[in-house]
Amino acid sequence: MKQTKFYIAKMDCPTEEGMIRNRLRSVEGIDQLDFNLMQRELTVTHRLDDDKTILSALDSLGMEPWIRGEGEAKEEAEREGTAPISRAVWFMMGISGAAAVVAEVLALTTGKESSPLVIGLSVLSIAVGGRETLRKGFLAVRTLSLNINFLMTIAIIGAVCIGQWPEAAMVTFLFAVAEMIEAFSLDRARNAIRSLMQMTPEVAMVKDSSGEWREVEAASVTVGTRVRVRPGERIPLDGLVREGQSFVNQAPITGESIPVEKKVGDTVFAGTINERGTFDFEVTGSRGNTTLDRIVRAVQEAQGQRAPTQRFVDRFAQYYTPVVVVVAVLMAAVPPLFFAQPFSPWLYKALVMLVIACPCALVISTPVTVVSGLAAAARQGILIKGGVYLENGRKLRALALDKTGTITLGKPMVTDVVPLGGANKDTVLQLAASLDALSEHPVASAIVAAWMLLNVVAFMHH
């Protein structure tokens, strides 16, 4: 028994997941399939001698699979697969939309929906904007998946058969636009998780065996290595301070609103920001095993814990789509066969129902919403253990927070000066600022800033 992880560039939503399940279910030797739609990842538990059979099956669906960790070329391909929609796709969508609109306008103004010009424009719109939809629709037939692409393919072909060319083009274009919006929402969720992973720097300043300091890739730094961090730099790895001291902004990890003082023996976390001085630390957690890495993994694993709403929607779609197809067939067949009604109008109504009744938007909205919520919370330092707990947040009626020692703005400010023993306020503030002028503590900085502001105000009055 072994596991293989695949990166699948064309897997974007539960529609593709269903197609892959149906295709791989028939492959002997595969025991389990685990999908991670947000990362376009499929983990296959199998008893096969090699992965060629699985790759071949995925290739037959046009999913463009790669085995995780096959080298730099594959990693580059994975990064390209997460890129936003290309200019070429935008250009093609523009052509498709323009052709569909012109065909619709010509049909309305001339009353000829089957003129050569209208048909030509409609075919252009469908060919440019609906190529992926039609391809996936025919793949759905092969894999026996009654999904939205299957329904759309039937609707497009049916509209063409009854001579409604402009309608076929417009429906194709609008569905393609909906697919692009879906892709944007998924990319946004992926980027939320990816932004967490990008909080740690790629390089670290390490001390080599000769005692010299040099920059190396953070991923190559091992536990026990001495690393130096200068002011303004992000800390690349977890560790313990061995020399020097500073103030570190730990908000991305702990949620602390003001920088925390770090001295010899204190713990520092990867992804946090060194605010002030220079210090050296000894690495205690290499890349992949830092606190931030564990947070990212927890967010990724949490999306697998489906919320009750998500489980309901998945079950709902599983039975709903076949029912819609059966109802559409009955709508197209019963009136002409049993009530002597004309066939064409009822076929058109059945096709329209197929287009508007599919739950694809409902199915995709739940996982995207859950993962976006989990990732957004993690960016703010809040770790939610899964969609189940995220959804239970709606039951909260009161929330108590311990704000002891926490300043909401994250930047201390002097609000009042209360002198003792009859001393003058300005004199007290001046003495405090003089004592704190060389200090890097956030409170000291606030006192100095208050004294400078007081001088500016006094100068302006004079």
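Which residue in S12 is the bridge partner of Asn249? Select Asn249 and look across: the partner is Ile273. Keep in mind as you click around that this is a predicted model.

Stop 1: Asn249 and Ile273 are a way into the pairing of strand S9 (residues 246-249) with S12, where 2 bridges join the antiparallel strands.

Stop 2: Next, pick strand S5 (residues 203-207) and strand S6 (residues 213-217), which run antiparallel and are joined by 5 bridges. These two form a hairpin with 5 residues between them. Click on Gly211 in the turn, which has a positive phi of about 90 degrees. Back on the strands, Met205 stands opposite Glu215 in S6. Then bring in strand S7 (residues 226-229), which pairs with S5 over 2 bridges in the antiparallel sense. There, Met205 stands opposite Arg228.

**Stop 3: a helix pair.** Finally, select helix H4 (residues 87-110) and helix H5 (residues 116-129), whose axes come within 8 Å and cross at roughly 155 degrees. That angle makes H4 roughly antiparallel to H5, and the crossing is left-handed. To see where they meet, show side chains for H4 residues including Met92, Ile95 and Leu106, and for H5 residues including Leu117, Leu121 and Val128. Colour the contact by class and you get 13 nonpolar, 4 polar and no charged residues.

Key:
Residues numbered from 1 in each chain as written. Predicted model: local features only at pLDDT ≥ 70, side-chain atom pairs only at ≥ 80, totals over all residues. Heavy atoms only, no water. Axes fitted to C-alpha atoms, helices over the stretch in contact; angles between N-to-C directions. Helix = DSSP H or I, 4+ residues; strand = E, 2+ residues; numbered from the N terminus. Parallel < 35°, antiparallel > 145°, perpendicular 65-115°, else oblique. Left-handed = near helix turned anticlockwise from the far one by under 90°. Contact = heavy atoms within 4.5 Å. Nonpolar A, V, L, I, M, F, W, Y, C, P; charged D, E, K, R; others polar. Pairing = 2+ DSSP bridges.
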